[in-house]
Amino acid sequence: MHSGCPLNRRELGRASWAFLHTMAAFYPEEATPEKQKEMEEFMWTFASVYPCGYCGDTTWQEMMRHPPQVKTRSEFTQWMCELHNEVNDRLGKEQFDCSKVEERWRTGPPDGSCK
Ligand SMILES: Cc1cc2nc3c(=O)[nH]c(=O)nc-3n(C[C@H](O)[C@H](O)[C@H](O)COP(=O)(O)OP(=O)(O)OC[C@H]3O[C@@H](n4cnc5c(N)ncnc54)[C@H](O)[C@@H]3O)c2cc1C
């Protein structure tokens, strides 16, 4: 998995999305007001410090149009999926089916192949 070399933009992106989607998948089902505030602030900070300036700036702009939805796990995982799909769209990649986000990032497929 690790070459021992610094990450390029694609590797950084892949690792970052794995972190973001996993974080969303394990977010509280119903978040307290404190947790909501913490997560909203985290997402703005994340976009501002992301170590690919153009990527972070564009994500910030996307978040201005569609701010983080952090009340519940379900809202947050869908919001994250849509954010990622906006980047996918910009890069000419396929759209991900957001109804599959829990299977992809929390439970794994029903056939148990990820166990
Ligand atoms: C916030 C952010 C902004 C970025 N902006 C740019 C940019 O401006 N320019 C640039 O070149 N790169 C950008 N990247 C990197 C880019 O999004 C990809 O991570 C990179 O190109 C590698 O793509 P990949 O095809 O390996 O899969 P990735 O897009 O990294 O996806 C990894 C895995 O996530 C799953 N997945 C895909 N879409 C979704 C979704 N919508 N919801 C849930 N799961 C999904 C799939 O299983 C996929 O294999 C950004 C990354 C981040 C985290």
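Tutor: Lys 100 is found in the loop between helix H4 (73-90) and helix H5 (101-107); helices are DSSP runs of H or I with at least four residues, numbered from the N terminus. This is a predicted model, in which local features need pLDDT of at least 70, side-chain atom pairs count only at pLDDT 80 or more, and totals for chains, interfaces and linings use all residues. Residues are numbered from 1 along each chain as its sequence is written, and side-chain values use heavy atoms, with hydrogens and water left out.

Student: Is Lys 100 buried, partly exposed or exposed?

Tutor: Buried means under 20% relative accessible area, exposed over 50%, and partly exposed in between, with a 1.4 Å probe and protein chains only. Lys 100 counts as partly exposed because its relative accessibility is 43%.

Student: Which classes do Ala 18 and Lys 37 fall into?

Tutor: Ala 18, which lies in helix H1, is partly exposed because its relative accessibility is 27%. Lys 37 belongs to helix H2 (residues 33-49) and counts as exposed, because its value is 51%.

Student: How far apart in space are Ala 18 and Trp 105?

Tutor: Separation in sequence and separation in space are stated side by side. Ala 18 and Trp 105 are 87 residues apart in sequence, and their C-alpha atoms are 8.0 Å apart. For Lys 37 and Val 70, 33 residues apart along the chain, the C-alpha separation is 8.3 Å. Glu 11 and Gln 78, by contrast, are 67 residues apart in sequence and 23 Å apart in space, C-alpha to C-alpha.

Student: How many residues surround the ligand?

Tutor: A residue belongs to this shell if one of its heavy atoms lies within 4 Å of the molecule. Here 23 residues surround the ligand, the closest being Arg 14, Trp 17, His 84, Arg 90 and Arg 104. By class, the shell has 10 nonpolar, seven polar and six charged residues; Ala, Val, Leu, Ile, Met, Phe, Trp, Tyr, Cys and Pro count as nonpolar, Asp, Glu, Lys and Arg as charged, and the others, Gly among them, as polar.

Student: Which element gives the largest share of the shell around the ligand?

Tutor: Helix H1 does, with seven residues.

Student: Which atoms of the ligand lie 2.9 Å from a polar atom of Trp 17 or Cys 81?

Tutor: A polar contact is a pair of N or O atoms within 3.5 Å. An oxygen atom of the ligand is 2.9 Å from a polar side-chain atom of Trp 17, while a ligand nitrogen atom lies 2.9 Å from a polar backbone atom of Cys 81.

Student: How much of the ligand's accessible area does the protein cover?

Tutor: Accessible areas come from the Shrake-Rupley method with a 1.4 Å probe. The protein covers 85% of the 960 Å² that the ligand has on its own.

Methods. Helix = DSSP H or I, 4+ residues; strand = E, 2+ residues; numbered from the N terminus. Polar contact = N/O pair within 3.5 Å; in protein donor to acceptor, adjacent residues only side chain to side chain.
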